[in-house]
Amino acid sequence: SGLFVLLAWLISKGIQGQIGFIEAAHSEAESGRQKSFLLMQNLDKLQRDNALMLNAIGEGIHWINLAGQIIFENPASTRMLGWEFSELKGRPAHATIHHTRADGANYPQAECPIYVTLRTGMSQRVANEVFWRKDGTNFPVEYMTAPIRDENDKIVGAAVVFSDITERKGAEAELAKLHQKLIETSRRAGMA
């Protein structure tokens with residue numbers, strides 16, 4: 001019976017040790033769950049804040065991947081282009097919005113500054129091109145491209161930030177007309 005009591009006591013101590021181990025593991029798991037929950041909340045907030053910021057910007061922003069497909073468009077971009085984001089997502093960017101020059105000539109993708117950024121990783125700034133709307137009309141744009149890189153510094157796409165410069169082009173044309181009139185008036189005055 002003494003051996004039985006000793007054996008029971010040893011088993012009891014072993015069970016208590018395992019219970020302690022299980023309780024410690026449970027406590028650690030609960031702590032990890034709480035940390036994970038807090039991290040998820042922080043990530044959700046960060047994503048909401050980024051979306052709010054991108055949606056508030058007045059310039060068009062789109063992201064294209066290495067294959068040239070549209071991954072993201074902010075609301076200003078979709079408004080200017082006349083598309084819904086769901087219609088643009090996955091479409092080839094160049095063939096959709098940048099396929100033709102202002103004069104109607106074909107715009108080869110190989111010459112497109114956006115694709116230069118995708119190939120070389122060099123940012124580009126362009127001041128005088130056009131983008132095409134869903135309805136087939138175009139509008140003058142000024143844009144900048146920048147490579148998007150992953151954690152290993154590998155290019156995974158390009159961000160394009162663009163502005164509709166229709167009003168500025170109109171003001172420049174009006175200023176050129178006024179300048180020409182001034183020159184003509186000065187010439188006539190000189191002749192008199």
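Two strands count as paired if DSSP finds at least two bridges between them. The model is a predicted one. By that criterion, five strands make up an open sheet, ordered E2-E1-E5-E4-E3, with antiparallel pairing. Strand E2 (70-73) and strand E3 (124-132) are the edge strands; each has a single partner strand, so one side of each lacks a neighbour in the sheet. From one strand to the next, the twist averages 30 degrees.

Within the sheet, strand E4 (residues 138-149) and strand E5 (residues 155-164) run antiparallel and are joined by nine bridges.

The aromatic residues come next. A pair of aromatic rings is described by the distance of the centres and the angle of the planes. Three aromatic pairs are found in a search of the whole structure. One of them is the edge-to-face pair of Phe-131 and Phe-162, with 5.0 Å from centre to centre and 70 degrees between the planes. This pair links distant parts of the chain, since Phe-131 lies in strand E3 and Phe-162 in strand E5, 31 residues apart. Ring pairs also bring in Tyr-143, so that Phe-131, Tyr-143 and Phe-162 form a cluster.

Are Phe-131 and Phe-162 buried or exposed? Buried means under 20% relative accessible area. Phe-131 has a relative accessible area of 0% and is therefore buried. Phe-162 is likewise buried, with a relative accessible area of 0%.

Beyond residues up to four places away in sequence, Ile-114 touches Ile-64, His-98, Phe-131, Tyr-143, Thr-145 and Val-160.

Thr-78 has a relative accessible area of 15%, and because buried means under 20%, Thr-78 is buried. Apart from neighbours within four places in sequence, Thr-78 is in contact with Glu-73, Trp-83, Glu-84, Phe-85 and Leu-88.

A last item concerns a charge and a ring. The charged end of Arg-101 sits over the ring of Tyr-107, at 4.0 Å from the ring centre.

Technical notes: Residues numbered from 1 in each chain as written. Predicted model: local features only at pLDDT ≥ 70, side-chain atom pairs only at ≥ 80, totals over all residues. Heavy atoms only, no water. Helix = DSSP H or I, 4+ residues; strand = E, 2+ residues; numbered from the N terminus. Axes fitted to C-alpha atoms, helices over the stretch in contact; angles between N-to-C directions. Phe/Tyr/Trp six-rings, centres within 6.5 Å; stacked < 30°, edge-to-face > 60°. Buried < 20%, exposed > 50% of the residue type's maximum accessible area, 1.4 Å probe, protein only. Lys NZ or Arg CZ within 6 Å of the ring centre and 35° of its normal. Contact = heavy atoms within 4.5 Å.
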